[in-house]
Amino acid sequence: MNSPVLSLSAGQIRRRPASFAGLGTALFLAVAAVTLFGSLVAAQVTAPDTAKRSAVSGPGLVLIAGAFGEIAVLVALFVVVNALGFTLRQQHRDLALLRTVAATPRQVRRVVRAQVAVTVLLVAAPGGLVGLLAARAFLAALQERGMAAPGLRIPGAPVPALVGLGVALLVGLAATAVAARRITGPAPAVALAEGGGGPRRTGVPRLLAGVAVLAGGGLLLRLAASRPAGELDKAGQASLLGSLVLLVAVGLLAPVAARILAAVLGAPVRVLAPRAGWLADANLRGYAARLSSAVVPVALLVGLSGTMLVLTSTAEHVARETGAETSVTKASDIWLREMELGLLVCFAAVSTVNTLVALTADRRREFALLRLVGATRRQLLRMLSVEAVLTTAIGVLLGAAVAAAASGAFSLAVTGSAVPVVPGAACAWVMLGAVVLTVPGIVGTGLWAVGCGRIGGSAVEATGGERG
């Protein structure tokens, strides 16, 4: 990789730190998660024979680390693809300009890969350190519950952190292959014309991929629903995997789904708040790519949390009625699922906050233009508040739809009814969490971005600057 490519990549990161914050955070979490569970495996492998032969409750340390690590990598890939797609949309015009001055698609892909590699290297050391500390705390918690041998210790070797670095790099490069096609695929003039706000229409390959993944998720849920009532564990595993696949489909189909939901939810908002509501609704429907980047992390948070909460509640209800205890209802396994849920919520919450803050901060030029045509600061904040509420509602609806489908399939298998047992209080906390993460993030960053129009003397100066 030559120096001009590195110079271009580093220059973009310096110019648009907010655009790379979400990507960096997602890769940081990926490194930390892989280091955490890799350290657990290393602790088991390097343990003395007496510790390896010790009897423990639960599936064993290697199986726990493998199950957690598998889901963590899948969610990390999902979050990194979404974050990288947003990052590239912010650079769309700059990268398209490179193509108009004779840069080949291969050279543009090199620039993007170099950006990912630099970002991974920046987060590798702190991610590895956090993962190592988390592994020690997690192993101690497992030992307290008798799920790991007392003699196990986390080794100080850097191998798990290096594996985490390698996995994060592979995940980032895989995301690059998907996300960069929007810039390298079209002709240079077409790519440049689309650079103002990203393509207004979702590409046919993305739609076809989304439909195919949606069908795959449906087949998994059908498999879960067809399990005999006695195979509660297998039905739960298939339902959880089906929810992950459906969330991938939501990510692929998000521009279309978000535009439809924005049109439906925006109609009453236009009536209730004619000015701010009309402008907010027009913004959301006109920038479907931007809206999809905002709602996908919210859907991930609500979909995963809701699925796991409802599955556990339904399984516990069945266990109370039948008196049969399975791995879904054992106290130790419930604790493991709570830890797994905490990890997934951490991914989703950080992705939500970073994406929303970066998206709103990138609209400084748009806000300055609105100020130029007479919009007041109060009107802009009203518009942002309406946008924040609509964005939250769309993300919650998409996530709730995934959770309802997955938990309905599980309930059909274990109770014969597609209506699961819903823990109302816990689900309400999930909804509240989505609101707390989304609305203050958009409105708070909007306050800063709107105020930027006054820095340097006027909004005219802000509109003359670069986007982002």
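Mentor: A cavity here is a set of points on a 1 Å grid over the protein atoms alone where a 1.4 Å probe fits but cannot get out, and its lining residues have an atom within 4 Å of a point. The model is predicted, so local features need pLDDT of at least 70 and side-chain atom pairs 80 or more, while totals for chains, interfaces and linings use all residues. Residues are numbered from 1 along each chain, and side-chain values use heavy atoms, without hydrogens or water.

The count is 1 cavity of 30 Å³ or more. The largest cavity holds about 150 Å³, a volume being the space filled by probe spheres set on points joined across faces, edges and corners. Of its 14 lining residues, Arg290, Ala294, Arg363, Glu387 and Thr391 lie nearest the centre. Two or more lining residues come from each of helices H12 (274-286), H13 (288-322), H14 (331-361) and H16 (377-415); helices are DSSP runs (H or I, at least four residues) numbered from the N terminus. By class, the lining has 8 nonpolar, 3 polar and 3 charged residues.

For the packing, take H4 (61-90) and H6 (105-144): their axes come within 14 Å and cross at roughly 150°, with axes fitted to C-alpha atoms over the stretch in contact and angles running from 0 to 180 degrees between N-to-C directions. That makes H4 roughly antiparallel to H6 (over 145 degrees). Leu61, Ile64, Phe68, Leu84 and Leu88 of H4 meet Val112, Val116, Phe138, Leu139 and Leu142 of H6, with heavy atoms within 4.5 Å. This contact has 10 nonpolar, no polar and no charged residues (Ala, Val, Leu, Ile, Met, Phe, Trp, Tyr, Cys and Pro are nonpolar; Asp, Glu, Lys and Arg charged; the others, Gly among them, polar).

Methods: Angles under 35 degrees count as roughly parallel, over 145 as roughly antiparallel, 65 to 115 as roughly perpendicular and the rest as oblique. On a 1 Å grid over the protein atoms alone, a cavity is a set of points where a 1.4 Å probe fits but cannot get out, and a pocket is an open set with protein on both sides within 12 Å along at least five of seven lines; lining residues have an atom within 4 Å of a point.
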